[in-house]
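Hi,

Here is the structure I promised to pass on.

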Amino acid sequence: MQNFDPQMMVLLYFVLPVWLIAGFADYLCHRATNIETTAGLKETFIHLLMFLEMGAPLLAALFLDINALVIGFMIVMFFCHEATALWDVSYAVTTRRVSPVEQHIHSFLEMVPLMALLLVISRHWSQFLALFGLGAEPARFDLHQRADPLPDAYIACVLAGILFFELIPYLEEYWRGKQAQKKVYKKTNNFIFYKVQIENLPV
């Protein structure tokens, strides 16, 4: 990749790793509070939704030419993520303890995407302006692969990081929630069964 400027260095080698580390740390906080038996699957589904809301713009930035369409998509996904994060915390505090450490981690998970978005916009300022009909450059809304592809080794490391620090942990969280839900259903069904048996005993 040519013209590897400081903004790109910060984006690729600081912002993205911090996001991955914060996401994994948040997962550990969920695990420590036994999310599978407190907030349950509902919060896990919210986490997976937030992962998709940030994962899609990230993949776009890694593989696509950044133009008005991609920037607009990133902006929309950022605000969707912020709204979902508010929903997540509003629900979580009613069902489990959200520690000061977890709250601090949430601040990273909210601000790091904004930092990434601003860095992308600053590197493609003319297309950001064009998105709103400003500037001399026309807005481009076509999809093309990056003209300056990122190094294959870097892409492999990022995808591996996403897999091992984000996707697998949160799928494991979903699995634990599903197992806990099954145990609750089983106990409930057993209780109903024995209650019916007792009620039907001859007097």
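Below is what turned up on cavities, plus a few words on one residue.

This is a predicted model, so local features need pLDDT of at least 70 and side-chain atom pairs count only at pLDDT 80 or more, while totals for chains, interfaces and linings use all residues. Residues are numbered from 1 along each chain as its sequence is written, and side-chain values use heavy atoms, with hydrogens and water left out.

Searching the whole structure gives two cavities of 30 Å³ or more. A cavity here is a set of points on a 1 Å grid over the protein atoms alone where a 1.4 Å probe fits but cannot get out, and lining residues have an atom within 4 Å of a point. Volume is the space filled by probe spheres set on the points, which are joined across faces, edges and corners.

The largest cavity holds about 430 Å³. Its lining counts 24 residues, with L11, L58, A61, A116 and V120 nearest the centre. By class, that lining has 21 nonpolar (Ala, Val, Leu, Ile, Met, Phe, Trp, Tyr, Cys and Pro), two charged (Asp, Glu, Lys and Arg) and one polar residue (the others, Gly among them).

The second largest cavity has about 260 Å³ of space. Of its 16 lining residues, D26, M50, H81, L109 and Y170 are the closest to the centre. Its lining has eight nonpolar, four polar and four charged residues.

As for E110, it is in contact (heavy atoms within 4.5 Å) with F78, E82 and A85, leaving aside neighbours within four places in sequence.

Cheers

Methods
On a 1 Å grid over the protein atoms alone, a cavity is a set of points where a 1.4 Å probe fits but cannot get out, and a pocket is an open set with protein on both sides within 12 Å along at least five of seven lines; lining residues have an atom within 4 Å of a point.
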